[in-house]
Amino acid sequence: MPKLKPGTILPTLEEDAAITAAAQDDTDALPLTDAEWTAAMPKVRRGRRLAAVTKERITIRLSRDVVETFRASGDGWQTRVDTALKDWLKTHTPG
């Protein structure tokens, strides 16, 4: 159980039983059956979809002025660095 904030008051066993009984009697909020949960599970997705083409995570050292210039251009600056390197590769051979 996670740490509770100071002053948190937990219900007694009797209060918890009364709350549970009231919730189960509420026809608008009936709990799902195991079969309903099983049917719903494949529809649950977490996080964003994986990209079709993934990138490789590396560590690279670049000149401070290059990094500052790209960072100053706003969000997506790393993608712009990648694009700049791809453009360079079109006319150059590393080595």
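Student: How many salt bridges does the count come to in this structure?

Tutor: The count comes to three salt bridges, and since this is a predicted model, each of them is a computed contact.

Student: What makes the contact of Asp82 and Lys55 a salt bridge?

Tutor: The rule asks for a side-chain nitrogen of Lys or Arg within 4 Å of a carboxyl oxygen of Asp or Glu. The side chains of Asp82 and Lys55 meet at 4.0 Å, N to O, and the pair is therefore counted as a salt bridge under that cut-off. Asp82 lies in helix H4 while Lys55 lies in the loop between H2 and H3, so the pair ties together parts that are 27 residues apart in sequence.

Student: Why is Lys55 called exposed, and why is Asp82 called partly exposed?

Tutor: Exposed means over 50% relative accessible area, buried means under 20%, and partly exposed is what lies in between. Lys55 has 59% relative accessibility and therefore counts as exposed, whereas Asp82 has a relative accessible area of 26% and is therefore partly exposed.

Student: Which residues are linked in a network of salt bridges?

Tutor: The network links Lys55, Asp82 and Lys86. Besides the contact with Lys55, Asp82 meets the side chain of Lys86 in a salt bridge of 3.4 Å, N to O. Lys86 and Asp82 are four residues apart in helix H4, so about one helical turn separates them. At 49% relative accessibility, Lys86 counts as partly exposed, because the label exposed needs over 50%.

Student: How do you know that Asp87 forms a salt bridge with Lys90?

Tutor: The closest N and O atoms of Asp87 and Lys90 are 3.4 Å apart, and the cut-off is 4 Å, so the pair qualifies. Both residues lie in helix H4, three residues apart, about one turn of the helix. Asp87 has a relative accessible area of 40% and is partly exposed, while Lys90, at 68%, counts as exposed.

Student: Why is Ile58 called exposed, and where is Ile58 found?

Tutor: Ile58 is found in the loop between helix H2 (34–40) and helix H3 (64–72), and its relative accessibility of 57% is the reason why Ile58 counts as exposed, the limit being over 50%.

Student: What makes Ile58, Ile60, Leu62 and Val66 a nonpolar patch?

Tutor: Patch residues have over 30% relative accessible area and no salt bridge, and nonpolar side chains are joined within 5 Å. Ile58, Ile60, Leu62 and Val66 form such a patch on the surface, with about 350 Å² of accessible area together.

Student: Which residues are the closest to the centre of the largest pocket?

Tutor: The largest pocket has a volume of about 790 Å³. Of its 18 lining residues, the closest to the centre are Glu56, Ile58, Ile60, Gln78 and Asp82. H3 and helix H4 (77–91) are the elements that give two or more residues to this lining, and the largest share, seven residues, comes from H4. By class, the lining divides into eight nonpolar, four polar and six charged residues.

Student: What lines the second largest pocket?

Tutor: The second largest pocket, with a volume of about 210 Å³, is lined by Arg48, Arg49, Leu50, Ala51, Val53, Thr54 and Lys55. Its lining has three nonpolar, one polar and three charged residues; Arg and Lys count as charged, so Arg48, Arg49 and Lys55 belong to the charged class.

Key
Residues numbered from 1 in each chain as written. Predicted model: local features only at pLDDT ≥ 70, side-chain atom pairs only at ≥ 80, totals over all residues. Heavy atoms only, no water. Patch = residues over 30% accessible without salt bridge, like charges linked within 9 Å, V, L, I, M, F, W, Y side chains within 5 Å. Areas by Shrake-Rupley, 256 points an atom, 1.4 Å probe, with all protein chains shown as cover. Buried < 20%, exposed > 50% of the residue type's maximum accessible area, 1.4 Å probe, protein only. 1 Å grid on protein atoms, 1.4 Å probe; cavity = no way out; pocket = protein on both sides within 12 Å on 5 of 7 lines; lining within 4 Å. Points joined across faces, edges and corners; volume = space filled by probe spheres on them.
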